[in-house]
Amino acid sequence: MHFLLIAYDFPPVPSPQALRWAYLVRELALAGHRVEVIAPDVPGYGAGGLPKLPRDVVVHRVDPGRLSRMLQGRRRIRKAEIRTDSEEVIAPLSLFSAEAKLNWKGRLRQRFERALGCGGGLNWKGILAEKVKVRISDRMFPDYRAEWVPHAVSKLDELVANDRPDVIVVSHEPACTLPVGLAAAKRGLPLAVDLGDPVLAPYTPEKWRKQAFDLEREVCQVATMVSVTTEAAVKTLQQRHGIADHKLKVVRQGFDPRFVVLPAEDLLSFDSDKLELLYTGSFYSFRRAEDLFHAVCSTAGVRLTVATLNAPDYLVEAATSSPDKIRLMGFMPHRAALAAQRACDVLVNLANADPVQVPGKIFEYLGAAKPILHLRGAQSDATGQMLSGIQGGWDIASERVAIEQVLSELLQLKATGELGRCIARRDQVQAYAWPELAGEWVEGLQNLMREKASGRTA
């Protein structure tokens, strides 16, 4: 088939949605499909180690819009910025040092950035750009990135006129891709929408909730297939818009079974005499880890490594006061993170606020074939239930005493060489490998298109 993907987040941007479609595009192309992509001409940050796309995948870069061009001051990752299209090249991880190791100038700059309410490796120009983006997004739905829509539609018309694709595929988030998909549907092109999560979400600003609901409803109505990442999203869309079961498909996040750590890579070193924990991900107001840090610091023989772009103050303080117990890295490129996940003893996951959501990070972790320590709220959640079902790790409340008890158990298991029995079997997780997910997505879409062509569905 000939697919034309509309994606605002796409490499070199290393967001979760960009990674999702980088992997799916790769697998579609390797399976013999022809794939073209319309994406904005925007800079990435720390782009080294992203999945390498087959040579026959064509990416059409379009103007993101005047304001975006003015404000897209490149994110500056401290110590290094990787610029490569090859998945086989990453920088030495020593370049991605912890904020805890900043000199006095770095600490002063850090305090200045936080005083302004911004950080994460931005210089003052980047901070100003982020402030302006917030102000513009307050006046433009869904946010400042909406200005790329006419440029993307123009490129869509150009490509369709020259060589009409079989299906237009739209990747959400961000929601600025959805109007481009609607434009394609109005031109009579079959539309597959990878919605992931609903457009109308708990974090949608009140002033945009009606527009988000209306946009979500329209794309669900006109699309041939709508894919989401959880069963909970299916139920939400059915309740809101009465979408038929056959039209909605769950396609979860996945892991890369093709990943192999190259011998020449400078991997993050781990101490065989310690129980080495690793967390690679973001922190939010609902995703906190103070109890984890306290438990690690109070348990002999344990060290936690954290790789994150935006380290909260309490993490920086913990790493500064206990550098032998908590090792803080800065931003870690995707491939480097995958390598580190395979080298540690135990992977740590911090639960999402919504108990029915399974973080995409979990599926990446499953590919590392390491035990997973899932820290949730007081009640059981979907992530813990999944891990328990495949016996892939521990599901416990994020409370200091409970974490300390599990750390003691993990120390004993490592000492006796039994950590390996806490890893899910490959056959239990194979369904979450990207080749299987891409094949499942295509099969579902082809079945719906055949049914629609035969007149059996609306």
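Mentor: Let's start with a definition: two strands pair if DSSP finds at least two bridges between them. Strands (E, at least two residues) and helices (H or I, at least four residues) are DSSP runs, numbered from the N terminus. The model is predicted: local features need pLDDT of at least 70, side-chain atom pairs count only at pLDDT 80 or more, and totals for chains, interfaces and linings use all residues. Residues are numbered from 1 along each chain as its sequence is written, and side-chain values use heavy atoms, leaving out hydrogens and water.

Trainee: Which residue in E7 stands opposite Ser-227?

Mentor: Lys-249 stands opposite Ser-227. Strand E6 and strand E7 (residues 248-250) pair in the parallel sense over three bridges. Strand E5 (residues 191-196) also pairs with E6 in the parallel sense, over four bridges, and there Ser-227 is the bridge partner of Asp-194.

Trainee: In what order do the strands of the open sheet lie?

Mentor: The order is E3-E2-E1-E4-E5-E6-E7, seven strands with parallel pairing. Strand E3 (58-62) and E7 each have a single partner strand, so one side of each has no neighbour in the sheet. On average, neighbouring strands of this sheet are turned by 20° against each other, direction ignored; the axes used for such angles are lines fitted to C-alpha atoms, for helices over the stretch in contact, and angles run from 0 to 180 degrees between N-to-C directions.

Trainee: Are the two faces of strand E6 covered or uncovered?

Mentor: Here is the general idea: in a regular strand, side chains alternate between the two faces of the sheet. In strand E6 (residues 225-228), Met-225 and Ser-227 lie on one side, Val-226 and Val-228 on the other, and all are buried, so both faces are covered. "Buried" means under 20% relative accessible area, "exposed" over 50%, and "partly exposed" in between (1.4 Å probe, protein chains only).

Trainee: How does the chain cross from E5 to E6?

Mentor: A crossover is right-handed if, with the strands pointing away from the viewer, the path from the first strand over the helix to the second runs clockwise. Here the chain goes from E5 through helix H7 (residues 209-222) to E6, and this β-α-β crossover is right-handed. E6, helix H8 (residues 231-241) and E7 make a right-handed β-α-β unit as well.

Trainee: How many residues of H1 are buried?

Mentor: The count is 13 of its 15 residues, so H1 is largely enclosed by the rest of the structure. Just after H1, Gly-32 takes a positive phi of about 105°.

Trainee: How many aromatic pairs does a search of the whole structure find?

Mentor: It finds eight. Rings of Phe, Tyr and Trp (its six-membered ring) pair if their centres lie within 6.5 Å; planes under 30 degrees apart are stacked, over 60 edge-to-face, and the rest tilted. One of the pairs is Tyr-23 with Trp-434, stacked at 5.5 Å centre to centre with 10° between the planes. Tyr-23 sits in helix H1 and Trp-434 in helix H16 (residues 434-453), 411 residues apart, so to speak a link between distant parts of the chain. Both Tyr-23 and Trp-434 are buried.

Trainee: Which peptide bond has omega near 15°?

Mentor: The one from His-172 to Glu-173, which is cis. Glu-173 lies in the loop between E4 and H6. The bond from Phe-141 to Pro-142 is cis too, with omega near 0°.
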